[in-house]
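Here is a structure to explore together, one question at a time. Have a look around before reading on.

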Amino acid sequence: MQENKSLFEPYAWQDVQWRQMTERFADGRLAHAYLMRGAAGIGKLDFAQAFGRYVLCQDKADGRSCGHCRSCQLNLAGTHPDFLLIEPESSGKGIRVDQIRALIEFSAKTAQQGGYRVVVLSPAESMNTNAANALLKCLEEPGDNTLLMLVSHQISAILPTIRSRCQLLAFDKPDEQDALNWLMPLCDDAEQAQNLLTLSGGCPLGARTYLEDGLEKQLARMQKDLGAVTRGEVAPVEVALAWQDFEPVIVLEWLAGWSAEMAGYVSTSDDACIRSQSMAKMLSYIAKKAGAKRLLVFHAWLLQQKSRLSGQVNLNRQLLMEAVLFRWLQLTMKQG
Ligand SMILES: [Zn+2]
């Protein structure tokens with residue numbers, strides 16, 4: 001059980017939601033469908049899956065799965081016939097209508113182990129229109145004892161008709177200390193953990209992804225290039241070309257994070273607003289030049305670009321990066 005604990009248990013910062021859900025289950029008050037919302041990278045999908053395994057466990061006690069019954073073993077092996085996980089088939093793709101048809105077929109059957117059928121779908125905003133409409137049908141006439149858990153990092157992108165048919169379960173970012181406690185054992189030292197957490201905007205699983213993907217090097221390159229663009233040593237077009245191997249979502253996320261830090265700094269004059277220590281000098285310089293309004297416009301634009309990315313197939317990375325860098329450069333230019 002110990003080594004597989006994470007498959008069956010919530011993260012330390014999800015105790016409240018876990019207690020809510022296990023109590024509802026115990027009282028027979030579980031809804032048919034839940035929409036689990038919150039920032040990306042804080043473990044909502046893991047929570048949904050762990051709770052699904054809990055519901056299916058045949059020997060649960062004290063709000064925890066047993067980890068060794070037949071159901072838990074099947075879940076450990078990823079072969080439980082009453083558990084279905086729906087995700088995009090590859091990154092950058094959406095969830096398709098035939099995946100939702102498979103879900104409908106699945107939830108119409110009687111559970112093989114005689115209890116619930118559990119479906120986890122993530123991220124819900126990646127469903128295309130056909131898929132979302134097909135899911136709506138399923139939400140209108142849910143099968144008996146079917147538990148559907150939709151995970152969403154961006155709830156505004158989900159059809160209101162879907163939202164209104166689900167119970168909302170909100171997840172906040174963890175306290176910094178909880179996040180660091182979890183992240184620290186994966187890192188070389190406390191400084192690295194703190195840097196990665198800051199970089200990920202306080203989302204510990206996001207920080208782990210940065211660590212695993214070696215994104216610290218990318219960060220160093222981005223910082224260097226952004227500095228050069230700001231000083232006018234290199235043209236945005238050239239840097240955009242060099243950034244083609246970067247994941248656009250990450251570039252947009254990081255820049256959005258920095259622009260929010262800068263906007264906070266400008267409006268409060270509090271140095272603590274700038275958390276990215278390695279960039280503090282550059283960010284405070286740009287912040288003063290740009291002013292809060294321009295920074296907020298830039299921030300909103302970055303988030304808008306990011307939300308457009310999901311499900312986009314023929315993305316012109318070069319053009320997007322050029323636009324990003326051009327806007328970055330404009331932050332320090334005279335307005336007029
Ligand atoms: Zn069990």
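The questions and answers below walk through this predicted model.

Q: In what geometry is the zinc ion held by its four donor atoms?
A: The zinc ion is coordinated at 2.3 Å by the SG atoms of Cys-57, Cys-66, Cys-69 and Cys-72. The angles among these four donor atoms run from 105 to 118°. Four donors count as tetrahedral if all angles lie between 85 and 135 degrees, so the site is tetrahedral.

Q: Is Cys-66 buried or exposed?
A: Buried means under 20% relative accessible area. Cys-66 has 11% relative accessibility, so Cys-66 is buried.

Q: Which are the edge strands of the open sheet?
A: The sheet has five strands with parallel pairing, in the order 2-3-4-1-5. An edge strand pairs on one side only, and that applies to strand 2 (83-86) and strand 5 (167-170).

Q: How much does the twist average from one strand to the next?
A: The strands to follow are those of the open sheet, taken in the order 2-3-4-1-5. Going from one strand to the next, the twist averages 20°.

Q: What angle does the direction of helix 3 make with that of strand 4?
A: Helix 3 (residues 44-56) packs on the sheet and touches strand 1, strand 2, strand 3 (117-121), strand 4 and strand 5. Angles here run from 0 to 180 degrees between N-to-C directions. For helix 3 and strand 4, the angle is about 170°.

Q: How many residues of strand 4 are buried?
A: Thr-146, Leu-148, Leu-150 and Ser-152 point one way from strand 4, while Leu-147, Met-149 and Val-151 point the other way, and all are buried. Strand 4 is therefore largely enclosed by the rest of the structure, and the number buried is seven of the seven.

Q: Which residue is the bridge partner of Met-36 in strand 4?
A: Strand 1 (residues 33-37) and strand 4 (residues 146-152) run parallel and are joined by five bridges. Along this pairing, Tyr-34 stands opposite Met-149. The partner of Met-36 is Val-151.

Q: Which residue in strand 4 is the bridge partner of Val-118?
A: Strand 3 also runs parallel to strand 4, and five bridges join them. In strand 4, the partner of Val-118 is Leu-147.

Q: With which side chain does the side chain of Asp-82 make a polar contact?
A: Asp-82 sits in the loop between helix 4 (70-77) and strand 2. Asp-82 is buried, with a relative accessible area of 0%. At 2.9 Å, its side chain makes a polar contact with that of Arg-117.

Q: What is omega near for the peptide bond from Ser-122 to Pro-123?
A: Pro-123 belongs to the loop between strand 3 and helix 6 (129-140). The bond from Ser-122 to Pro-123 is cis, and omega is near -15°.

Q: Is Asp-62 buried or exposed?
A: Asp-62 lies in the loop between helix 3 and helix 4. Its phi is near 50°, a positive value in a residue other than glycine. Exposed means over 50% relative accessible area, and with 79% Asp-62 counts as exposed.

Q: What is phi of Ser-269 near?
A: Ser-269 is in the loop between helix 13 and helix 14 (280-309), and at 61% relative accessibility Ser-269 is exposed. Phi is positive here, in a residue other than glycine, and is near 55°.

Q: Which residue's side chain is joined to that of Gln-244 by a polar contact?
A: Gln-244 is in the loop between helix 12 (236-242) and helix 13 (248-268), partly exposed at 34%. Not counting residues up to four places away in sequence, Gln-244 touches Arg-317 and Gln-318. The polar contact, at 3.1 Å, is with Gln-318.

Methods:
Residues numbered from 1 in each chain as written. Predicted model: local features only at pLDDT ≥ 70, side-chain atom pairs only at ≥ 80, totals over all residues. Heavy atoms only, no water. Helix = DSSP H or I, 4+ residues; strand = E, 2+ residues; numbered from the N terminus. Buried < 20%, exposed > 50% of the residue type's maximum accessible area, 1.4 Å probe, protein only. Contact = heavy atoms within 4.5 Å. Polar contact = N/O pair within 3.5 Å; in protein donor to acceptor, adjacent residues only side chain to side chain. Donors = N, O, S within 2.8 Å, 3.2 Å for Na, K, Ca; no water. Tetrahedral: all angles 85-135°; square planar, octahedral: opposite > 155°, others 65-115°. Pairing = 2+ DSSP bridges.
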